[in-house]
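Hi there,

Here is the structure I promised to pass along. Please open it next to this email, and then read on for what turned up.

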Amino acid sequence: WVDRGYDVPASRAEALGAAAARNRTFMKEKAAKVEILGAPTRVRPGDAVSVDVKVTNLTGHKLPTGFAEGRQMWIHLQAKDKNGKVVWEDGKLATGGALERTEQTKVYEQEILAEGYDFIDQQAKDLDGDGSISTEELEKAQHFHFVLMNKIVKDNRIPPKGYNKAAYQADGAFIVPAETYADGQYWDTTRYRFTVPAGVKEKIVVTATLKYQTFNREYAEFLRDHDQEPTQKDNGRARNLPEPFATDNGVSTWGETLHTLWKGAGNGRPVSMASAKRAIRVINP
């Protein structure tokens with residue numbers, strides 16, 4: 001920390017490392033439980049398979065919790081043959097770090113937009129350069145404006161055990177959307193469907209893994225692209241960057257620096273919180 005330009009005592013650096021280790025242990029061992037339910041015991045090549053994945057919240061808060069911007073938690077489901085080759089997959093991270101979302105992908109997140117701001121509408125016009133605004137372009141531009149957010153369009157984060165809608169609302173809080181989870185529900189079940197490929201023999205092993213990411217690619221790139229404020233060293237208002245991120249030949253911003261750190265950390269490498277496996281016998285002719 002001192003080498004990076006921060007005058008931080010060694011004891012605080014050690015305390016930070018210990019706290020991070022405790023958090024990693026909690027996230028990987030105590031925050032959630034994953035189960036595979038309803039999978040068939042045997043199938044044939046060409047059969048349609050349904051698999052239910054149940055995620056149970058073991059924390060004392062919504063899962064995931066905290067600020068809504070870049071956080072996402074999702075189910076990564078893989079089906080492998082007897083040799084370990086992936087024959088079907090959903091919830092995969094692409095090479096560049098973006099989550100490949102399909103119609104089946106279950107992502108637990110809160111999505112909030114900033115509506116009614118002229119400058120955001122103008123940004124939407126500039127997304128593809130044609131001067132028009134599609135619904136998709138407008139919603140993309142309305143994401144991540146933290147203090148301006150004024151419309152919740154999605155919140156399917158799993159409530160904690162003891163979740164009581166009536167008590168929650170009696171205290172003046174509101175639930176958006178109110179019908180996502182039943183009173184007292186602190187789990188969620190997702191059904192996946194896939195077809196057993198031809199040529200698969202003996203067995204398929206289905207693995208469901210709950211993944212969590214603090215900064216997704218969209219958020220890291222938003223900060224990189226929208227933080228245009230130079231540092232004080234470059235006659236701007238932003239606090240100067242610590243070494244080794246400060247530059248003498250060009251203007252660097254905190255957004256660019258964060259994106260550099262994100263890439264250096266394996267494109268926001270996610271944490272595997274919990275997993276479950278189920279072997280399915282394949283009957284061959």
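Predicted model: local features only at pLDDT ≥ 70, side-chain atom pairs only at ≥ 80, totals over all residues.

Let's begin with the helices. Helix α5 (residues 217-226) and helix α6 (residues 254-264) have axes that come within 7 Å of each other and cross at roughly 150°. Angles over 145 degrees count as roughly antiparallel, so α5 is roughly antiparallel to α6. On the α5 side, the contact is made by R217, A220, E221, L223 and R224, and α6 brings G255, E256, L258, H259 and W262. Sorted by class, this contact has 4 nonpolar, 2 polar and 4 charged residues.

Next, the core. The largest nonpolar core has 36 residues, and those touching the most other members are V206, L210 and M273. At least two residues of this core come from each of the strands β1 (32-37), β3 (48-57), β4 (72-80), β9 (187-195), β10 (202-213) and β11 (271-282). If you click on V206 and skip its neighbours within four places in sequence, you will find it in contact with I36, V51, L77, Q78, A79, F194, A276, K277, R278 and I280.

Finally, have a look at L93, in the loop between β5 (86-90) and β6 (107-108). L93 is partly exposed, with a relative accessible area of 26%. Not counting residues up to four places away in sequence, L93 touches W74, A98, L99 and P270. L93 and P270 are 177 residues apart in sequence, yet their C-alpha atoms are 9.4 Å apart in space.

Key:
Residues numbered from 1 in each chain as written. Heavy atoms only, no water. Axes fitted to C-alpha atoms, helices over the stretch in contact; angles between N-to-C directions. Helix = DSSP H or I, 4+ residues; strand = E, 2+ residues; numbered from the N terminus. Parallel < 35°, antiparallel > 145°, perpendicular 65-115°, else oblique. Contact = heavy atoms within 4.5 Å. Nonpolar A, V, L, I, M, F, W, Y, C, P; charged D, E, K, R; others polar. Core = buried A, V, L, I, M, F, W, Y, C linked by side-chain atoms within 4.5 Å. Buried < 20%, exposed > 50% of the residue type's maximum accessible area, 1.4 Å probe, protein only.
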